[in-house]
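Colleague: I would like to learn how to read a model like this one. Can we go through it feature by feature?

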Amino acid sequence: MNTGLEKQRNILDYGLMSLWRRKTKNLSVLLVFALVIFLMSSFQFLTGALTDVAQQSLRLAPEITVQKMVAGRQEQIPISYGDKLQEIFGIRRVEPRVWGYHFSTTTGGNITMLGVSSFDPRLETALLHGRLPSGSSAGEVVLGQGVVRDLDLKGRRKFSFFRPELTQKTFTVTGEFKPESELLTADLMVMSIADSRDFFHISETYATDLLVTVANPAEIETIARKIAELLPDTRVVTRPQILKTYNAVFGWRSGFGSVCLLTGLAAFIILAWDKASGMTPEEKREIGILKLLGWQTSDVLAVRFYESFAVSFLALLLGCTLGYVHIAFFDGALFRPVMFGWSVITPHLHLVPVVRFGDVLLVICFTVLPYLAVTIIPAWRAASVPPDSAMR
Amino acid sequence: MRPSSFFLVLLVTLALGDGALLLLSSSQMRSPQDQQEEGVLVAGLGLTDLCLATEARYTRNVSITDPIAPFMDYPGALEHFPSGSFYGVTQ
């Protein structure tokens, strides 16, 4: 074997044996280091997977959503606004939606009740069983799996909710959405727009928002600008804005993300401070003996580098592996209490993290590289002094 | 066995384990049919958001809510829903 390579291998052997001699301390460091990396990589994998799912799932989100704003709050929008929009060239269709939230006092679940004016027949393919509500029969609904669990109907097809003024409205379940679509439909209760109006007491001259379909998707931004000029008391949300929101909303800038990052950094700084604050007399004496035996300063630095590399690289592998398992097989169980909060209706996530080079590089830059630096510097300082004074 | 050989074996074993994990989890990936059905759902119902946290309207419908929604409920209201801390600022 090449003598240079053999020499480096011998130094690596020496470094690993040196680590093993102080195994209790080094295993503790490895464990803490791996936990820090686990926390950071878990969060990175989770937010990356959620961003990916959002970008794929919402690629066909409404091209333009128009909401009426009154005193800084969203209010019901007059249907007549839709007629005004027809004046804008390039708009193909304006569709009103009536939707809102219903808080179930018995279960504590918050259900999103969505009324649409017409059902695309292709929606049948998204149903686990049953059919879509027919326009002719009142009170027919399709439920998301989260609502099915929340209501616990036990095979019954009829149930009742109280309207805001405490009169009862009875619904009939005609179908359920597939569990695979839970990330979109878990809390949905889809019905005809007439039922939604009836339940929320919204008159036929108003809707919750208007969905605008344009003839040419390349003109979305132009038409959105024209709508904002024509109806200055509205908020206009475009599909690219929705996708941009989901590109930015999951990340380190959130409160929880910052806590994860700062916790990881604080733990790491304590770890690094311990290393950088100097070496123990025993370690200094070891370096002195090595130099007396003829080792060069570069050899001593190589030993310390290999030791730090072994610890940090093993911690990186362990931490990232645990982070991946946490997200892919345990649905990010440690983050769920924050991500879902007090939500009673929650989806099953079934996320598959995508391991990106950039994500791993970020973790390496925050942990491995600084650790290598802080362990080399004190070793260099100790190796620079004459052997006799190092041993004294 | 030399320590360096043992270390190499350890790294290779861990790397192989990671590869097996990736293969195992890739079987859970959403099929093209699932993605097509999601597209039909989103387009057919006009969905604008993922259903993650359902506790507050500003975390249920992140993309069409106000950035200041948590503080709009009543004068001096502070955000108290845990999921609010999970979502970052979008503007």
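Colleague: Which residues touch the most other members of the largest nonpolar core?

Modeller: The general idea comes first. In soluble globular proteins, nonpolar side chains tend to be buried together. This model is predicted, and its largest nonpolar core has 106 residues. Ile37(A), Met189(A), Val190(A) and Val212(A) touch the most other members. Helix H2 of chain A, residues 23–57, gives the largest share of this core, 15 residues.

Colleague: Which residues does Met189(A) touch?

Modeller: Leaving aside residues up to four places away in sequence, Met189(A) touches Ile111(A), Thr112(A), Met113(A), Val141(A), Leu143(A) and Val147(A).

Colleague: How is chain A divided into domains?

Modeller: The domain assignment gives domain 1 as 3–57 + 250–391 and domain 2 as 62–248. The C-alpha centres of these two domains of chain A are 47 Å apart. Their contact takes 11 residues from domain 1 and 18 residues from domain 2. On the domain 1 side, the residues that touch domain 2 divide into five nonpolar, six polar and no charged.

Colleague: Now helices. How do I tell whether a helix has a buried face?

Modeller: Start from the geometry. An α-helix has 3.6 residues a turn, so residues three or four places apart point the same way.

Colleague: Take helix H6 of chain A. Which of its residues are buried?

Modeller: In H6(A), residues 193–200, the buried ones are Ile193(A), Asp195(A), Ser196(A) and Phe199(A). Down the axis of H6(A) they fall within an arc of 160°, so they line one face of the helix.

Colleague: What do the buried residues of H6(A) pack against?

Modeller: They pack against four strands of chain A: E4 (91–103), E5 (110–116), E9 (168–177) and E10 (188–192).

Colleague: Where does Asp331(A) lie?

Modeller: Asp331(A) is in the loop between helix H11 (297–328) and helix H12 (336–339) of chain A. Asp331(A) is not a glycine either, and has a positive phi of about 50°. With 17 other C-beta atoms within 10 Å, Asp331(A) is partly exposed.

Colleague: Which residues of H10(A) are buried?

Modeller: Lys284(A), Ile287(A), Gly288(A) and Lys291(A) are buried. Seen down the axis of H10(A), the buried residues fall within an arc of 100°, so they line one face of the helix. For Gly288(A), the count is 21 other C-beta atoms within 10 Å. The C-alpha atoms of Gly288(A) and Val300(A) are 9.8 Å apart, and the two residues are 12 residues apart along the chain. H10(A) is followed by Gly294(A), with a positive phi near 110°.

Colleague: What is the secondary structure of chain B?

Modeller: Chain B has three helices and zero strands, in the pattern α-α-α along the sequence. Of its 91 residues, 35% count as buried.

Colleague: How many residues of chain B are in contact with chain A?

Modeller: 47 residues of chain B are in contact with 67 residues of chain A. Helices H1 (3–26), H2 (32–45) and H3 (57–60) of chain B each supply at least two residues of the side that touches chain A. H2(B) gives the most, 11 residues. The residues on this side of chain B divide into 23 nonpolar, 16 polar and eight charged.

How values were computed:
Residues are numbered from 1 along each chain as its sequence is written. Chains are lettered from A and ligands numbered from 1 in the order in which they are written. This is a predicted model: local features need pLDDT of at least 70, side-chain atom pairs count only at pLDDT 80 or more; totals for chains, interfaces and linings use all residues. Domain bounds come from an automatic or database domain assignment. Two residues are in contact if their C-beta atoms, placed from the backbone, lie within 7 Å. Ala, Val, Leu, Ile, Met, Phe, Trp, Tyr, Cys and Pro count as nonpolar, Asp, Glu, Lys and Arg as charged, and the others, Gly among them, as polar. A nonpolar core is a set of buried Ala, Val, Leu, Ile, Met, Phe, Trp, Tyr and Cys residues joined through C-beta atoms within 7 Å. A residue is buried if 20 or more other C-beta atoms lie within 10 Å of its own, exposed if 12 or fewer, and partly exposed in between; C-beta atoms are placed from the backbone. The arc is that of the directions from the helix axis to the C-beta atoms.
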